[in-house]
Amino acid sequence: MGNFTPEMARALGGAGWLTERRLAAAERFASTTLPTPAEEAWRYSRIDQLDLDRYRPGPAGGDGTFLGATVERAATVRVLNGAVVGIDLDATYAAKGLVVADIAGLAEAPAALGAGVDGSPDAFTVLNDAFLPGGTLISVPDGMVVEHPIIVEHWVCGAGAASFPRTVVAMGEDSEAHVLERFMSPADAHLVVPVTELVVGDAARLRFLGVQDHGPDIWQVALVRATVGRDATLRASAVALGGDYARLRSEALLTGAGASSEMVAVYFANENQMLDFRTLQDHDAPHTTSELLFKGAVEDEADSVYSGLIRLRPPAQRANATQTNRNLVLSEGASAKSIPNLEIECDDVRCSHASAVGPIDLDQLYYLATRGVPPDVAERLIVFGFFEDAIDRLAFGAGAERLRAAVARKFDARRCCHPDAVTSGNRGQEKLPSSGQGGQEKLPSA
Amino acid sequence: MATTELDLGRYKLGWSDPEEYVFKPRKGLNEDIVNEMSWMKGEPDWMRRFRLRALSLFERKPMLEWFAKNMPTIDFENVYYYIKPTSGQVNDWDMLPESVKATYEKLGIPEAERKFLAGVTAQYESEVVYHKNRDELAEQGVLFADMDTAVREWPDLVKPYFGSVIPPNDNKFAALNSAVWSGGSFIYVPPNTHVEMPLQAYFRINAENMGQFERTLIIVDEGSSVHYVEGCSAPIYTGDSLHSAVVEIIAKPGATVRYSTIQNWSPNVYNLVTKRAKAEAEATVSWVDGNLGSKLTMKYPSVYLTGPKAHGEVLSVAYAGAGQHQDAGAKMIHAAPETTSLIESKSISKDGGRTTYRGLVRVDPGCSKTKSHVRCDALILDEDSRSDTYPYMEIEEQDARIGHEATVSKVGEDQLFYLMSRGLTEQQATAMIVNGFIEPVVKTLPMEYAIELSRLIELSMEGAVG
């Protein structure tokens with residue numbers, strides 16, 4: 001297909017195993033066709049507007065803009081267009097056996113690479129396999145508790161380029177870690193196809209938060225897929241703010257008895273954005289638990305799609321699964337689609353879902369008005385209150401404050417007259433504030 | 001379409017004076033057959049042309065991938081293969097399977113109705129019984145007849161509405177129905193008229209009630225109300241393996257229409273039905289839909305809310321036993337401001353049965369102050385059974401409040417324990433809990449149906465229904 005041929009994949013070079021892997025995927029991709037909105041998984045999406053020929057696999061050129069550290073970290077990885085350009089790993093953790101590495105630099109393929117994707121491939125994951133420049137491997141040894149967060153900072157840039165970031169987190173038995181993956185980008189018309197695989201071993205605990213704060217012209221087709229082992233706990237959350245069309249497929253496969261997953265997301269779309277979420281809570285073992293809470297707001301002409309599935313397979317007796325999607329529609333012209341699906345193949349389970357779409361509650365506005373709160377301030381309070389429980393659940397470290405500020409910026413973008421409003425700015429160009437510490441550091445390209 | 005071999009043997013029962021027609025059943029679906037059918041029925045030319053147009057649409061429309069996937073075994077050739085020329089309708093009580101007769105016995109259905117239900121022509125008995133009712137209707141100016149009669153007698157009333165809510169090109173099965181429909185009901189209620197008693201399909205005179213391709217049209221004029229009951233809860237035995245009805249309802253401003261149906265086709269039937277209502281300003285349409293029988297049912301009654309303040313409701317109960325798949329749901333299309341809708345679905349699956357709720361709530365741009373609430377509850381009674389929920393919500397309007405809730409669970413152990421500690425057997429306790437579960441829908445039915453439905457669910461739970 002156009003620029004994404006096996007020849008282009010071969011040209012990327014690198015370690016032998018990686019080149020072979022890419023080539024095999026590129027050949028698979030050559031015989032694949034891109035999905036269409038006629039396919040259920042792509043219904044309501046803007047996939048028909050994607051012209052792959054407008055992009056080429058981007059060389060990892062240019063400079064990345066990365067946020068500085070605000071909290072103590074176990075490790076920081078800087079990734080530019082999918083290629084790892086810097087790793088700071090705390091020496092104490094390194095000594096204990098925590099591995100944070102560039103996949104491209106490994107002598108052989110890490111076991112966890114492909115562990116998630118191979119169970120649920122699509123044209124874009126194949127494309128990622130074919131063109132990944134490398135990627136981040138985080139491997140936490142058995143029994144290790146990583147108290148400080150591990151942060152993967154992505155910068156994607158280059159108009160007309162496409163990038164294929166890959167992150168693999170392998171949690172050993174009874175280990176614990178917090179991982180934050182953050183995507184930022186300038187106002188380039190760029191295609192980014194990130195794949196993140198989370199392998200949570202037996203009794204391990206992983207908190208993962210993916211934040212996308214892309215520039216306004218980015219096209220994103222992302223996958224985060226986790227497999228959760230016996231008695232393990234996964235909390236995989238997402239924040240979506242930027243992009244022109246930004247899709248996130250978020251999946252958790254509960255493979256071991258007693259496994260549990262929690263997925264929380266906050267999203268806010270305005271102008272002509274479309275934020276598109278597809279979730280899967282896939283229970284394949286008894287006594288498994290999953291919870292999902294997705295909360296979003298749409299404004300201007302923006303669209304959001306939430307399509308989620310809870311699948312309780314026959315072994316999932318005594319499972320408990322919930323799924324909640326709530327959408328605030330803040331202006332005429334904005335729209336939200338919500339499709340919470342259930343497929344239940346066992347009887348001794350509890351499963352429920354709820355979804356709602358609506359404007360700001362007039363009763364709440366009225367109540368605040370009777371207490372002397374002007375409507376614009378009241379609206380702001382209500383929107384923040386709407387997001388608060390989700391923010392509270394997904395954030396860790398200094399994240400909650402940053403996130404509130406990011407939502408505030410987005411909310412205030414159109415409402416410059418408000419006294420609390422920060423100067424109005426364009427979506428995507430306002431970045432997450434760095435809470436006054438650290439500042440931004442520029443890194444040269446690798 | 002691979003092969004279209006339609007057995008038209010059934011239609012020999014469709015005319016009022018059978019001995020006049022020595023109609024040899026001919027296989028195949030083509031223009032000649034449709035022309036002949038139309039001529040035999042003495043239809044006006046516009047209906048004949050309507051059928052022919054539908055036939056060409058049916059032939060042109062591809063079988064949807066989605067249908068094909070959900071019905072791997074439905075192959076037109078096979079479906080018709082199973083129809084024997086004589087088995088369309090049972091002509092003798094003794095020809096009924098024992099299991100069906102036993103169920104009638106348990107339900108306590110009177111002999112006359114039993115015969116009717118069995119497809120034995122029992123029109124004359126019911127005609128006598130309900131004669132008084134019909135006189136009252138005539139006084140009110142209510143028209144109630146089978147569709148074939150209506151096309152002949154009141155073409156001016158039928159023509160503007162026939163196919164106006166469900167055009168023949170709506171889907172492949174609607175096209176098939178439009179081409180070869182026969183039987184079904186026609187109701188017209190004049191303005192400001194309230195029909196007190198529910199109108200029931202089997203009160204009709206001279207009707208083919210349980211046609212394979214029924215066609216029902218209900219027009220309720222301004223400010224009027226009617227409750228129509230189609231089918232009933234007792235098992236309907238039929239030799240046909242494909243049932244594909246079309247039901248259209250037009251509720252004029254301020255009208256209220258309730259359409260209740262409980263299908264209990266025998267387990268060889270594919271039941272693919274298109275049901276749609278148009279609710280104009282301040283009108284209310286509610287579908288009460290029970291699905292107990294058939295091998296596969298795909299039925300999504302819908303209401304197009306086209307006038308301000310219109311209201312739509314779908315209340316449905318589905319029960320899927322061994323080998324059954326009840327794929328039912330509802331669609332609410334909010335196409336006017338201040339419209340409201342409610343969907344309540346209760347499903348029960350047992351012995352490997354599968355229930356699916358598939359629904360859509362759509363709010364078009366500009367339809368402000370709309371409200372919709374969807375609630376789906378599913379009970380799974382054993383580990384072989386399965387339940388799916390696919391609720392679609394497409395909201396293109398800011399000022400719309402849309403909510404959806406669903407739960408899936410088994411019968412609560414605490415509830416079972418409580419009832420069993422009061423001396424009920426586990427089976428009785430389960431049946432009681434299940435009846436409580438479907439109560440919100442059952443209570444909207446006329447009493448005799450409600451009792452029958454409750455009893456029937458209990459029988460199904462015992463595995464006593466054939």
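This is a predicted model: local features need pLDDT of at least 70, side-chain atom pairs count only at pLDDT 80 or more; totals for chains, interfaces and linings use all residues.
**Chain B and its domains**

Chain B comprises 466 residues, of which 52% are buried. Its secondary structure consists of 14 helices and 19 strands. Among the contacts of chain B with a separation of 6 or more, 82% link residues 24 or more positions apart.

The chain is divided into domain 1, residues 91–412, and domain 2, residues 413–460. Between these domains, 24 residues of domain 1 are in contact with 22 residues of domain 2. On the domain 1 side, at least two residues each are supplied by helix H5 (98–107) and by strands S8 (256–263), S10 (284–291), S13 (311–320) and S15 (340–349) of chain B. S13(B) provides the largest share of that side, four residues. By class, the domain 1 side divides into 14 nonpolar, seven polar and three charged residues.

**The nonpolar core**

The largest nonpolar core has 242 residues. The residues with the most contacts inside this core are A:Val169, A:Val200, A:Leu206, A:Ala265, B:Ile187, B:Ala251 and B:Val257. From chain B, the core draws at least three residues from each of domain 1 and domain 2. In soluble globular proteins, nonpolar side chains tend to be buried together. Leaving aside residues up to four places away in sequence, B:Val257 touches B:Ile218, B:Val220, B:Val226, B:Ile249, B:Ala251, B:Ala277 and B:Val285.

**Contact between the chains**

Chain A and chain B each contribute 29 residues to their contact. On the side of chain B, strand S18 (386–395) and strand S19 (400–409) each supply at least two residues. That side has eleven nonpolar, eight polar and ten charged residues. Strand pairing also crosses between the chains: strand S22 (residues 335–344) of chain A runs antiparallel to S18(B), and six bridges join them. Within S18(B), B:Ile395 stands opposite A:Ala336.

Strand S16 (residues 245–254) of chain A is largely enclosed by the rest of the structure, because ten of its ten residues are buried. A:Tyr245, A:Arg247, A:Arg249, A:Glu251 and A:Leu253 point one way from S16(A), while A:Ala246, A:Leu248, A:Ser250, A:Ala252 and A:Leu254 point the other way. Both sets are buried, including the charged residues A:Arg247, A:Arg249 and A:Glu251. The pairings that involve S16(A), together with the pairing between the chains, are listed below.

| Strand pair | Sense | Bridges |
|---|---|---|
| S14(A) and S16(A) | parallel | ten |
| S16(A) and S18(A) | parallel | ten |
| S22(A) and S18(B) | antiparallel | six |

A:Arg225 has A:Glu251 of S16(A) as its bridge partner. A:Leu253 has A:Asp282 of S18(A) as its bridge partner.

Helix H4 (residues 123–131) of chain A is mostly covered, with eight of its nine residues buried. Among the buried residues are A:Phe124, A:Val126, A:Leu127 and A:Phe131, and also A:Asn128 and A:Asp129. The cover over the buried residues of H4(A) includes helices H1 (6–11) and H2 (16–30) and strands S1 (56–57), S9 (166–171), S12 (195–200) and S14 (219–228) of chain A.

**An exposed loop residue**

A:Asp53 lies in the loop between H2 and S1 of chain A. A:Asp53 is exposed because there are 10 other C-beta atoms within 10 Å, and the cut-off for an exposed residue is 12 or fewer. Apart from residues up to four places away in sequence, A:Asp53 touches A:Gly2 and A:Asn3. The C-alpha atoms of A:Asp53 and A:Ile310 are separated by 36 Å, and the two residues are 257 residues apart along the chain.

Key
Residues are numbered from 1 along each chain as its sequence is written. Chains are lettered from A and ligands numbered from 1 in the order in which they are written. A residue is buried if 20 or more other C-beta atoms lie within 10 Å of its own, exposed if 12 or fewer, and partly exposed in between; C-beta atoms are placed from the backbone. Two residues are in contact if their C-beta atoms, placed from the backbone, lie within 7 Å. A nonpolar core is a set of buried Ala, Val, Leu, Ile, Met, Phe, Trp, Tyr and Cys residues joined through C-beta atoms within 7 Å. Domain bounds come from an automatic or database domain assignment. Two strands pair if DSSP finds at least two bridges between them.
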